[in-house]
Amino acid sequence: MEEKKKVMLSGIKPSGDLTLGSYLGAIKNWAERAEQFDCFYFMADLHALTERQDPAELRRHTLEQLAQYVACGLDPEKNTLFIQSHVPAHAQLGWVINCFTMFGELSRMTQFKDKSAKNAENINGGLFTYPALMAADILIYQADYVPVGDDQRQHVELTRDVARRFNGIYGDVFKIPEPYIPKIGARIMDLLDPESKMSKSDDIGNGRIKLMDRPEDIMRKFKRAVTDSETGAGCIRFDPVNKPGVANLIQIYASCTGETFEQVEAEFAGHGYGDFKKAVGESVVEMLRPIQTEAHKLMSDKAYLDELCRKGAEKASYVAEKTLRKVYKKVGLVPKA
Ligand code: TRP
């Protein structure tokens, strides 16, 4: 008998451009996951509203991110890809979950504290109750695993607490999800500040390679990448503690070419940083080329994107509405005749 696959779910806030860091560190490995798990990925556009967004930019980012994920190899036939607001059950369950999430719990969320400190003029209710909507996102698909970074772990813990609380009152309604720590993907660092991660962000950042950067911009950014003052044969070696900039470049080159760190060191044993940075830039340009071509093609094919969104939302709604109906019934809402 074929065993039912475990459900994996992740939301991506469409609030910035994807980078080489997100690709090599995560997305690249997602394509294979579909064999093992039943995967749901959604563009968390409702979550993006907790910060003020330019409407046209938000729309563009949402569709671009979707197109880029597909271009990176996430097969829409094998994964459920959709836009959060296209599945109204998220917001509907979100309200119910809100009513089972305590003020005290939400007050303890470190992300809320950080964000409200940074953005004192817009501490809105959505920012505060965001984790309840996130819990609904997860619970509505009865997800087993939620791949998240460190910044989201606390929200997954909260989801577990709220789900247990609900189940304690109404019986086994929700699956209790677990955070999923992916097999270590490459941890790509900022080119100008190799002590911090190359993260998704809105600003231009010369230390960040965006997935859709033009080849000349990629080459320019690598040319300026921080290394160290060592010269001579053997200066290109993997030593993340003492040579973080060089180690990061080796890691990037190895990820792009499929070589091991030792092979990279051997290949560049007699070279200086200038040559190496150029080679790393070229390897990135070549790796990104087909992804960029595909993403541009998808973005210009409105009919394809519409159909992709429609199919994804339909698949997701089927599962989501089943859970929502059950929850509405359990809490005592009158079923629609
Ligand atoms: N909160 C996540 C972030 O800011 C995005 C997100 C929304 C999410 N809903 C989710 C992630 C559900 C995992 C599961 O990155």
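In the predicted model, helix α9 (residues 215–223) and helix α12 (residues 273–300) pack with their axes 9 Å apart and at an angle of about 150°. Because this angle lies over 145 degrees, α9 is roughly antiparallel to α12. The crossing in which α9 passes α12 is right-handed. On the side of α9, the contact is formed by Pro215, Ile218, Met219, Phe222 and Lys223, while α12 contributes Lys277, Lys278, Val280, Gly281, Glu282, Val284, Val285, Leu288 and Gln292. Sorted by class, the residues of this contact between α9 and α12 comprise eight nonpolar, two polar and four charged.

The contact of α4 with α7 holds eight nonpolar residues, together with four polar and one charged.

The cysteines were examined next. A search covering the whole structure finds zero disulfides. Cys39 counts as buried, because its relative accessibility is 0%. Cys235 is likewise in no disulfide, the nearest cysteine sulfur being that of Cys256, 20 Å away. With a relative accessible area of 1%, Cys235 is also buried.

Three further residues illustrate individual surroundings in the model. Gln111 is found in helix α6 (residues 110–118), and at a relative accessibility of 16% it counts as buried, since buried means under 20% relative accessible area. When neighbours within four places in sequence are left aside, Gln111 is in contact with Tyr130, Asp151, Gln152, Gln154 and His155.

Glu195, by contrast, is placed in the loop between β5 (178–180) and α9. Its relative accessible area of 61% makes Glu195 exposed, because the term applies to values over 50%. Not counting residues up to four places away in sequence, Glu195 touches Met189 and Pro244. Between Glu195 and Asn248, the C-alpha to C-alpha distance is 9.6 Å in space, although the two residues are 53 residues apart in sequence.

Arg164 has its place in helix α8 (residues 150–170) and is partly exposed, with a relative accessible area of 42%. The C-alpha atom of Arg164 is separated by 29 Å from that of Glu314, a residue 150 residues apart from Arg164 along the chain.

Note on methods: Residues numbered from 1 in each chain as written. Predicted model: local features only at pLDDT ≥ 70, side-chain atom pairs only at ≥ 80, totals over all residues. Heavy atoms only, no water. Disulfide = S-S within 2.5 Å. Buried < 20%, exposed > 50% of the residue type's maximum accessible area, 1.4 Å probe, protein only. Nonpolar A, V, L, I, M, F, W, Y, C, P; charged D, E, K, R; others polar. Axes fitted to C-alpha atoms, helices over the stretch in contact; angles between N-to-C directions. Helix = DSSP H or I, 4+ residues; strand = E, 2+ residues; numbered from the N terminus. Parallel < 35°, antiparallel > 145°, perpendicular 65-115°, else oblique. Left-handed = near helix turned anticlockwise from the far one by under 90°. Contact = heavy atoms within 4.5 Å.
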